[in-house]
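Take a look at the sequence and the model, then read on.

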Amino acid sequence: MSVLKILQYPNQRLRIIAQPINKITKEIKKLAYNMLDTMYINEGIGLAAIQVDIPLQIIVVSKDYIKKEHLILINPKIISKKGNISIQEGCLSIPEYRAFIPRSNYIKVKALNLFGKKIEIEAHEMLSICIQHEIDHLKGKLFIDYLSLLKQERIKKKIKKINKKTKFFTKDTN
C-alpha cells in the first residue's frame, strides 16, 4: 500500500465538504487501505479522506491503539448521541496543537463497510470522540472551530511561524 500526503492547516481544501460514495470500487478499497497505512505511519488514531485531498465520505479509525484493529466507515452518519466528554484532541492536519473539545460520550453511527453492507456501530469514550472528529472533517469542520476566535487566530499565527521555519530549513542550498 501507499502512504498519502496529509493536508496541513490552514490549507483551504480541508474545508471542502466531502461527497457520498455511491459505489464501492477497487479504487475505494485501495484508498481505504492507503488511508490506514497513512494513519498508522503518522501515529494517528483517525483519518478522513478529505485530509488526504480526496473529497469523499470515508473515514478510518483505530479501534484498539495497541493491536491496530480498525474501522473503515463509508458515508458515516451519527444517528444518536448522549452524554458529554472532553479530552485534549489533536489532529494530523494540525500538528503540534491540542485542545479540549466538548463531544458526546456515546454515539450510534450508521455507515457502509468496505463490502457495501449497511452497518450500525455504537461507540463510547475515546472511539466516540475519534469518530466525531473524523465526521467533522467530512463536513469541512476542524476541531479548532470549536475554540474561540482568539484561540483560532493564535493557532494560525503559530502554524504560519512553524511553516516559515520549516521552509527556511528545507530550502535547497545547491
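Predicted model: local features only at pLDDT ≥ 70, side-chain atom pairs only at ≥ 80, totals over all residues.

## How strands 1 and 2 pair

Strand 1 pairs with strand 2 (residues 58-64) in the antiparallel sense, and three bridges join them.

Now zoom out. These strands belong to an open sheet of five strands, ordered 1-2-3-6-7 and paired antiparallel. At the edges you'll find strand 1 (46-48) and strand 7 (118-124), each pairing on one side only. Going from neighbour to neighbour, the strands are turned by 40° against each other on average, if you ignore direction.

## Helices on the sheet

Helix 1 (residues 26-41) packs on this sheet and touches strand 1, strand 2 and strand 3 (69-82). The direction of helix 1 makes about 50° with that of strand 2.

Helix 2 (residues 125-138) lies across strand 1, strand 2, strand 3, strand 6 (106-112) and strand 7. Helix 2 runs at about 165° to strand 2.

## An annotated spot

Which residues does UniProt mark with the feature "binding site"? The unreviewed entry puts that feature at C91, H133 and H137. They span 47 residues in sequence, but no two of their C-alpha atoms are more than 10.3 Å apart, so they gather at one spot. C91, H133 and H137 are also included in the lining of the largest pocket.

C91 has its place in strand 4 (residues 85-91). Is C91 buried or exposed? Its relative accessible area is 11%, and buried means under 20%, so C91 counts as buried. Setting aside neighbours within four places in sequence, C91 is in contact with Q51, H133, H137 and F143.

H137, for its part, lies in helix 2. H137 is buried too, because its relative accessibility is 1%. Not counting residues up to four places away in sequence, H137 touches L14, I16, A48, I50, Q51, C91 and L142.

## One more buried residue

Finally, have a look at Q152, which lies in helix 3 (residues 149-169). With 15% relative accessibility, Q152 counts as buried. What does Q152 touch, not counting residues up to four places away in sequence? The contacts of Q152 are Y9, I144, D145 and L147.

How values were computed: Residues numbered from 1 in each chain as written. Heavy atoms only, no water. Helix = DSSP H or I, 4+ residues; strand = E, 2+ residues; numbered from the N terminus. Buried < 20%, exposed > 50% of the residue type's maximum accessible area, 1.4 Å probe, protein only. Contact = heavy atoms within 4.5 Å. Pairing = 2+ DSSP bridges. Axes fitted to C-alpha atoms, helices over the stretch in contact; angles between N-to-C directions. UniProt positions renumbered as here; feature names shortened; annotations may be inferred. 1 Å grid on protein atoms, 1.4 Å probe; cavity = no way out; pocket = protein on both sides within 12 Å on 5 of 7 lines; lining within 4 Å.
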